[in-house]
Amino acid sequence: MSMQAQKKSITTTEILRKKNKEKITMLTAYDALFSKIFDGEVDMLLVGDSLNMSFFGESDTLSATLEQMIYHTRAVCNGAKTSLVVCDMPFGSTISPQIALESAMRIFKETKAQAVKIEGGAEIKDTIKLLVQNGIAVVGHIGLKPQLVRLEGGYKVKGKQERELESLLQDAKALESAGVFCFVLEGVCAEVAKQISQSVQIPVIGIGSGASVDGQVLVWSDAFGFFEEFKPKFVRHYLQGAKMVREAMQAYIKDVKNGEFPSASESY
Ligand code: KIV
């Protein structure tokens with residue numbers, strides 16, 4: 001194979017080296033159309049199981065399947081040449097170290113993702129070690145874990161109590177020693193997030209965890225105003241996406257109704 005055909009992507013080592021030097025950016029992506037637009041701009045593209053909510057319309061992430069994650073990751077990889085692509089491991093795909101290894105192996109064999117993301121802390125350190133030993137780069141995910149929404153009865157901000165700080169610090173250390181190259185810290189009070197970020201040598205990518213971490217991740221349809229069901233406090237709308245699409249669609253409908261589309265130059 002010629003070298004030109006090979007993807008020249010950001011590596012996990014490059015992500016690691018950004019700690020204390022440069023903030024890391026990550027956005028979710030679920031298809032080739034948008035990953036092509038985001039590629040090379042953000043450092044990492046996350047094929048998050050949030051696609052089950054924002055694109056499939058479910059009320060939580062739990063019913064996302066490994067097959068669906070693989071399908072969407074293949075699409076995202078088709079659009080991405082430079083940004084590092086991470087595939088989220090869906091609920092139920094990591095219930096034992098062996099099952100997690102088999103699931104991650106499928107992701108690596110059937111897609112061109114460079115890493116997987118797993119929700120969980122100290123309790124899954126053996127799983128992470130096994131994946132890393134087998135050549136799979138892992139992104140951790142602690143703090144608010146959306147896959148526990150049914151167990152916890154909602155999305156609860158973490159770090160308000162002293163004992164939560166202790167357990168988050170233990171999780172962060174466990175992930176670091178198990179070999180993740182970075183981890184997502186979701187829904188954690190800003191001051192606690194800062195302490196966690198300072199307690200490890202690897203980058204901490206925050207979502208709803210304040211600014212004193214090493215980078216940020218947002219669900220793209222939240223950030224660009226396409227998801228209208230609700231807007232969490234931590235989301236900033238960089239675009240009024242749904243409004244703009246509605247306006248464009250109305251202009252199209254008007255042109256068709258008036259006979260102004262297509263014009264002669266748009267006809268054969
Ligand atoms: O599924 C997802 O998009 C995520 C992000 C919210 C970090 O896990």
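1. Helix α9 spans residues 190-199, and its buried residues are V192, A193, I196, S197 and S199. They share one side of α9 because they cover an arc of only 160° around the axis, the arc being that of the directions from the helix axis to the C-beta atoms. Buried here means under 20% relative accessible area and exposed over 50%, with partly exposed in between (1.4 Å probe, protein chains only). Helices (H or I, at least four residues) and strands (E, at least two) are DSSP runs, numbered from the N terminus.

2. The model is predicted: local features need pLDDT of at least 70, side-chain atom pairs count only at pLDDT 80 or more, and totals for chains, interfaces and linings use all residues. Residues are numbered from 1 along each chain as its sequence is written, and side-chain values use heavy atoms, with hydrogens and water left out.

3. On the face of α9 turned away from its buried side are the exposed residues E191 and Q198. The buried residues of α9 pack against α8 (162-178), β6 (182-186) and β7 (204-207). Contact, here and below, means heavy atoms within 4.5 Å.

4. An unreviewed UniProt entry places the feature "binding site" at D49, D88 and E119. These residues are spread over 71 residues of sequence but cluster in space, with a largest C-alpha distance of 10.8 Å. D49, D88 and E119 are included in the lining of the largest pocket. UniProt positions follow the numbering used here, feature names are shortened, and annotations may be inferred rather than shown by experiment. On a 1 Å grid over the protein atoms alone, a pocket is an open set of points where a 1.4 Å probe fits, with protein on both sides within 12 Å along at least five of seven lines; lining residues have an atom within 4 Å of a point.

5. The UniProt annotation "binding site" (unreviewed entry) also covers D49, S50, D88 and K117. These span 69 residues in sequence, yet no two of their C-alpha atoms are more than 12.5 Å apart, so they gather at one spot. The lining of the largest pocket includes D49, S50, D88 and K117.

6. D88 lies in strand β3 (residues 84-88) and is buried, with a relative accessible area of 2%. A polar atom of the D88 side chain lies 2.9 Å from the backbone nitrogen of D49. A polar contact is a pair of N or O atoms within 3.5 Å; within protein, one must be able to donate a hydrogen and the other to accept it, and residues adjacent in sequence count only if both atoms are side-chain atoms. Leaving aside neighbours within four places in sequence, the contacts of D88 include M69 and K117.

7. Strand β4 (residues 115-119) holds E119, and K117 lies in strand β4 too. K117 counts as buried at 2% relative accessibility, and E119 is buried with a relative accessible area of 10%. The side chain of E119 has a polar atom 2.9 Å from the backbone nitrogen of Q147. Beyond neighbours within four places in sequence, E119 is in contact with residues including D49, H141 and K145.

8. D43 lies in the loop between α2 (32-38) and β2 (44-47). At 9% relative accessibility, D43 counts as buried, and its side chain reaches the backbone nitrogen of T25 at 2.9 Å.
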